[in-house]
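Hi,

Here is the structure I promised to pass on to you. Have a look at it first, and then read on for what turned up in it.

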Amino acid sequence: MEKHINREGCRITYEYLPGSHAISIILVHGYGLHRTMWEPQVGFLQKKGYPVINIDVRGHGNSRPTGEFSVKLAAEDIRAIIDMESLEQYLLCGLSMGAFVVQEYAFLFGGATGYMLTGVTPLCIPYPKWEKTLLAYSGPIMRFFYTWAGLKKAMSKGSTYTKPALLRVGQMFEEIEKQEFLVSWQGFSTCLHEESFKFDAPLLVAAGEQDTRGTIQKHLSDWQTHYPGCVVKTLPNAGHVANLDQPEQFNKILLSFINDCESARSHS
């Protein structure tokens, strides 16, 4: 069932699919994409009996119009949806931009049963100045070096490893308008903030072994350094959008993590 909530100048759209389990799985997609990127996971989770909330992040998919985007706003949108649905148990699963949003949610609110992050670097750790500057100026750099058509093509190719994933991601990038892309990217590229912070529930970080986006591979070891107890998984033959490159592997990792989180909660 498609549902909506109006917040901060944007009509946020999300899909709510009921299930028999007590824990709901909230899916948060990557930058420039929309909630249909999770189709292989939605079908899998529904067959396993899990309720699913699949969100179009503001400025993406059917969550329009929006003249403003930030990772903090997107995290607050998720909080509003959780309150609207009166969820007591939920696991947050985000990819790329969506994984930054999940981290910001954990920082601002906490309360989830678990957090699964894919294709992302830590939000709150110290970064060298050059890396923060590069991210902050990535929008102007992209505008200078690429045409709009070339940028969409490069983003699609750089995010995927398999042909089926490339075709699906390419279709989604064709649906976003240039101005929405630039507004969202500005809010996305300024999201890092160094904080003393600990996750309040189990944390799983996944990455495709062929993910070449940004400094994801460079910082993969930082997760366990800064967040002891964090589990890190890599997916062979997968790029940035690992859930589409290798959906069966991804689903297996996701289900195992859900089961671990349910078990931890029942014994707490």
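Which element gives the most to the lining of the second largest pocket? Before the answer, a word on what you are looking at. This is a predicted model, in which local features need pLDDT of at least 70 and side-chain atom pairs count only at pLDDT 80 or more, while totals for chains, interfaces and linings use all residues. Residues are numbered from 1 along each chain as its sequence is written, and side-chain values use heavy atoms, with hydrogens and water left out.

**The pockets**

The answer is α11, with seven residues. Helices (H or I, at least four residues) and strands (E, at least two) are DSSP runs, numbered from the N terminus. Rolling a probe the size of a water molecule over the atoms shows where empty space is left. Here a 1 Å grid over the protein atoms alone is used: a pocket is an open set of points with protein on both sides within 12 Å along at least five of seven lines, a cavity is a set of points where a 1.4 Å probe fits but cannot get out, and lining residues have an atom within 4 Å of a point. Grid points are joined across faces, edges and corners, and a volume is the space filled by probe spheres set on the points.

The second largest pocket holds about 340 Å³ of space. Its lining has 20 residues, and Pro202, Leu203, Gly229, Cys230 and Val231 lie nearest the centre. Besides α11 (247-266), the strands β7 (203-208) and β8 (231-235) each supply at least two lining residues. Sorted by class, this lining has 13 nonpolar, three polar and four charged residues. In that sorting, Ala, Val, Leu, Ile, Met, Phe, Trp, Tyr, Cys and Pro count as nonpolar, Asp, Glu, Lys and Arg as charged, and the others, Gly among them, as polar.

The largest pocket has about 810 Å³ of space. Its lining is made of 32 residues, with Leu135, Trp185, Phe188, Arg213 and Gly214 nearest the centre. Two or more lining residues come from each of α4 (129-136), α5 (138-145), α6 (148-159) and α8 (178-188). By class, there are 20 nonpolar, nine polar and three charged residues in this lining.

Helix α2 (residues 71-85) gives the most to the lining, with four residues. Eight of the lining residues are nonpolar, none are polar and three are charged.

Which residues of helix α1 (residues 39-47) are buried? They are Gln41, Val42, Phe44 and Leu45, where buried means under 20% relative accessible area, exposed over 50%, and partly exposed in between (1.4 Å probe, protein chains only). An α-helix has 3.6 residues a turn, so residues three or four places apart point the same way. The buried residues of α1 pack against β2 (10-17), β3 (24-28), β4 (52-55), α10 (242-245) and α11. After α1 comes glycine 49, with a positive phi near 90 degrees.

Methionine 84 lies in helix α2 and is partly exposed, with a relative accessible area of 48%. Leaving aside neighbours within four places in sequence, methionine 84 is in contact (heavy atoms within 4.5 Å) with Ile5 and Tyr14. Ile5 is 79 residues away along the chain, yet the C-alpha atoms of methionine 84 and isoleucine 5 are separated by 8.4 Å.

**Two positive phi values**

Most residues other than glycine have a negative phi. Glutamate 8 has a positive phi near 50 degrees; its place is in the loop between β1 (2-7) and β2, and at 54% relative accessibility glutamate 8 is exposed. Serine 96 also has a positive phi, about 55 degrees. Serine 96 sits in the loop between β5 (90-95) and α3 (97-108) and is buried, at 10% relative accessibility.

**Cysteines**

How many disulfides are there? The count is zero, a disulfide being a pair of cysteine sulfur atoms within 2.5 Å. For cysteine 10, the nearest cysteine sulfur, that of cysteine 191, is 18 Å away. Cysteine 10 is buried, with a relative accessible area of 2%.

Happy exploring!
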